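Hi there,

Here is the structure I promised to pass along. Have a look when you get a moment, and my notes follow below.

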Amino acid sequence: MSVPLRRVPSPAGSRSARAIATIWPYARLAVGAVLLVAVAMQFQRTVSVYAAMPEPYASHVPTLVANFFSYFTNLANIATAATLIAGAVWALTRGRSAKHEPRWLAVALVCTTSCMVVTGVVYNALLRDTADPLTFLRFSNEVVHVVGPLFLLADLLLAPKRRTLAWRSIWVVVAIPIAWCAYTLVRAPFIIEPSTGFTGFYPYPFLNPRVQDGFAGVAAYIAVLSVVVAAVAVAVIAVSRARAHRADAESDPDAAERGGP
């Protein structure tokens with residue numbers, strides 16, 4: 001009678017996993033803090049530059065503040081920083097004895113990872129040359145568009161205690177950019193662009209009907225963006241599910257052989 005072989009994790013692999021589990025909360029804290037610093041520096045630069053201008057439409061501080069927090073990049077980075085810091089605090093407290101991350105953290109990580117990856121790809125592929133030269137800060141720009149997305153990819157691949165999420169979580173991710181696009185299009189006609197004085201503030205050219213020859217072009221971009229976000233969310237959830245299943249199999253080989261717990 002043959003005895004099925006069990007897969008036993010190698011000591012080197014176990015040590016590596018333990019090392020990552022030990023340092024990862026601190027890596028999340030560090031990157032979360034850097035993201036907040038980068039956003040804060042860009043906020044101070046943007047508001048101070050335009051607030052000093054003589055034109056009333058350019059120097060209206062409440063509008064400047066609202067405009068700054070209407071950029072998807074800024075909102076995504078703030079949400080990412082909050083998620084990373086909350087995840088680190090959980091890992092250093094309740095997470096020490098937990099088998100998986102809590103569902104709220106898993107959903108937040110899927111949302112922020114998907115949005116940040118899309119932000120990084122879109123910016124570096126299409127928008128890198130559109131930065132406002134008056135307020136451009138290289139440090140902030142690279143942190144929010146490169147460092148943040150790359151760290152979240154690393155987090156997806158390395159962070160311990162990933163949870164298996166249902167595929168329906170994709171709709172939560174897709175709803176975020178659609179809601180932001182709706183907010184932007186409703187708000188824009190009532191806001192003056194501070195750098196030009198023209199009515200209509202659109203954070204990005206692909207949402208501006210004047211640039212896209214009407215709202216049909218804008219709708220096409222929104223549709224493509226939604227599909228891209230959904231595709232990235234599918235990939236992120238698939239990786240998370242695969243890592244969670246593999247971790248469960250390694251921690252309980254008998255359950256894996258039986259097909260489940």
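One definition before the findings: a patch is made of residues with over 30% relative accessible area and no salt bridge, and nonpolar side chains are joined into one when they lie within 5 Å. Please also keep in mind that this is a predicted model.

With that in hand, the surface has a nonpolar patch formed by Val-34, Val-37, Met-41 and Phe-139, which together have about 310 Å² of accessible area. Which helix gives the most to this patch? Helix 1, residues 11–51, does, with three residues; Val-37 is one that has its place in helix 1.

As for the overall picture, the protein chain has nine helices and zero strands, so the order of elements from the N terminus on reads α-α-α-α-α-α-α-α-α. The C-alpha trace spans about 85 × 35 × 30 Å along its principal axes.

The other thing I looked at is a helix pair. Helix 4 (residues 72–92) packs against helix 5 (residues 103–127) at an angle of about 145°, and their axes are 9 Å apart. The crossing of these two helices is left-handed. On the helix 4 side, the contact includes Phe-72, Ala-76, Thr-80, Thr-83, Gly-87 and Trp-90, while helix 5 contributes residues including Trp-104, Leu-105, Ala-108, Thr-112, Cys-115 and Met-116. How do the residues of this contact divide into nonpolar, polar and charged? There are 11 nonpolar, seven polar and no charged residues.

Terms used: Residues numbered from 1 in each chain as written. Predicted model: local features only at pLDDT ≥ 70, side-chain atom pairs only at ≥ 80, totals over all residues. Heavy atoms only, no water. Axes fitted to C-alpha atoms, helices over the stretch in contact; angles between N-to-C directions. Helix = DSSP H or I, 4+ residues; strand = E, 2+ residues; numbered from the N terminus. Left-handed = near helix turned anticlockwise from the far one by under 90°. Contact = heavy atoms within 4.5 Å. Nonpolar A, V, L, I, M, F, W, Y, C, P; charged D, E, K, R; others polar. Patch = residues over 30% accessible without salt bridge, like charges linked within 9 Å, V, L, I, M, F, W, Y side chains within 5 Å. Areas by Shrake-Rupley, 256 points an atom, 1.4 Å probe, with all protein chains shown as cover. Salt bridge = Lys/Arg side-chain N within 4 Å of Asp/Glu carboxyl O.
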